[in-house]
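Reader: Hey, can we walk through this model together? I'd like to go over the pocket, the surface and the charged pairs.

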Amino acid sequence: MLGKNIKKTSLDDAVITKVNQDLIVHNMPNSSRVDMASKPKFVSGSQFLPKLDKKNNFKVVGGLIVGLGAIFIGTLIYLSYYFIIKPRLNPPTTVVVSPIVENTPTTETSTDMMIATTTVSAPTDLAGVGSTVIDVNIDSNTASTTTSNENDIEAVVNLPPVLDTDNDGLNDEEELILGTNSNAADTDADGYTDLSELKNGYSPTSTNAKLYPNSITTKYDNKVGKYELYYPIAWGIKTLNNDYTAIISAPDDSLVQISVQDNPNIQNILTWYGIIFPGEIVTNDRLKNGSNWEGIMGADGLNFYLTDKNRENIYVISYISSNSDRLVYPNIFYM
């Protein structure tokens, strides 16, 4: 009996213990249960920060990069143009100073514009000359031509000397222009040499005939400068600067230039010349006078300065030779 009671008691205790355990488990709150099979979850602090618009951020950064790149490229382009391209497009030029003839020239500015020198020459075709600038910048003293050969030797062309076959003072090329005989000092056989007749205004080809007009000369009438002159009919003439300048071209590319300027102080030619060329002594043989003009031959014999009877204008006649060592038409210039 006692053994049965003990066994029954032990069984009852086990049942009671299990019932108590089940009551404890079922009465626990749901939140306190731990799912051991699931992984623990970690909470990041960034969840509590305001959310950022990542797409907009990328746009801003990209725009800054593009803008800075455009500025950099533009700077490179500007520097390249300023220091590389522009100097090549605008290379330094050589300035050629040429005699300038003003429309209304005055005494103060006339000296250099009209005085020709024998070290310059001009091209045959003057059509491209500007309206106020006569540019004669060909150095014919060193005229040469180059022939191609295996040794590349430069051949220099020597101009023939100016000949005067009959020794009458007129060279052969002048006699060709005037129609005189280069083998006879007195072409018309009137007792006067061809040169003496030319200087005194008579024709060397006809007895007792005036030099103007004749079959070898023609007249030019300048309304602006109020003058007229005769020149060889075979030569060409062009005017510049509204007819204040006339240029006569000779066959050898030499020029005779006639320029006109005002004489506002109504000076005689000797006074005017003394102001333009101070200190120069003028000998009597250089003074020339006509019926309605007075003039002075320049010291070089290649420029003649004169004024009209009323001293209204100053005229300068210049002989510009194509070669300073070969004056072909000095007597025709004098004529």
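Reader: Quick one to start: is Asp253 buried, partly exposed or exposed?
Author: Asp253 counts as partly exposed, at 27% relative accessibility. The classes go like this: buried is under 20% relative accessible area, exposed is over 50%, and partly exposed is in between, with a 1.4 Å probe and protein chains only.

Reader: Before we go on, what am I looking at, and how is it numbered?
Author: This is a predicted model, so local features need pLDDT of at least 70 and side-chain atom pairs count only at pLDDT 80 or more, while totals for chains, interfaces and linings use all residues. Residues are numbered from 1 along each chain as its sequence is written, and side-chain values use heavy atoms, with hydrogens and water left out.

Reader: Ok, back to Asp253. What's its phi?
Author: Phi of Asp253 is near 75°, a positive value in a residue other than glycine. Asp253 sits in the loop between β6 (245–249) and β7. Those element names come from DSSP runs, numbered from the N terminus: helices are H or I with at least four residues, strands are E with at least two.

Reader: And what about phi of Ile266?
Author: Ile266 has a positive phi too, about 50°, although it is not a glycine. Its place is in the loop between β7 and α6 (269–276), and Ile266 counts as exposed at 52% relative accessibility.

Reader: Which residues lie nearest its centre?
Author: Glu228, Leu229, Trp293, Ile317 and Met335, out of 32 residues that line the largest pocket.

Reader: Which element gives the most to that lining?
Author: β4, with 6 residues. Several elements supply at least two residues each, including α5 (194–199), β4 (227–232), β9 (293–297) and β11 (313–320).

Reader: How does the lining divide into nonpolar, polar and charged?
Author: It's 22 nonpolar, 5 polar and 5 charged. Ala, Val, Leu, Ile, Met, Phe, Trp, Tyr, Cys and Pro count as nonpolar, Asp, Glu, Lys and Arg as charged, and the others, Gly among them, as polar.

Reader: How many salt bridges does the structure hold?
Author: It holds 6, where a salt bridge is a side-chain nitrogen of Lys or Arg within 4 Å of a carboxyl oxygen of Asp or Glu. One of them joins the side chains of Lys219 and Glu228 at 3.6 Å, N to O. Lys219 is partly exposed at 44% relative accessible area, and Glu228 is partly exposed at 47%.

Reader: Which residue does Glu280 meet in a salt bridge?
Author: Arg286, at 2.6 Å, N to O. Glu280 counts as partly exposed at 30% relative accessibility, whereas Arg286 is buried at 11%.

Reader: What about Glu294, which partner does that one have?
Author: Glu294 and Arg311 meet in a salt bridge, 3.6 Å from N to O. Glu294 lies in strand β9 and Arg311 in the loop between β10 and β11, so the pair ties together parts that are 17 residues apart in sequence.

Reader: Now the surface. Which residues form the nonpolar patch?
Author: Tyr78, Leu79, Tyr81, Tyr82, Phe83, Ile84 and Ile85, with about 730 Å² of accessible area together. Patch residues have over 30% relative accessible area and no salt bridge; nonpolar side chains (Val, Leu, Ile, Met, Phe, Trp, Tyr) are joined within 5 Å, and like charges within 9 Å. Areas come from the Shrake-Rupley method with a 1.4 Å probe, and for residues only the protein chains shown count as cover.

Reader: Where does Ile85 lie?
Author: In helix α2 (residues 54–89). Ile85 is partly exposed, with a relative accessible area of 41%.

Conventions:
On a 1 Å grid over the protein atoms alone, a cavity is a set of points where a 1.4 Å probe fits but cannot get out, and a pocket is an open set with protein on both sides within 12 Å along at least five of seven lines; lining residues have an atom within 4 Å of a point.
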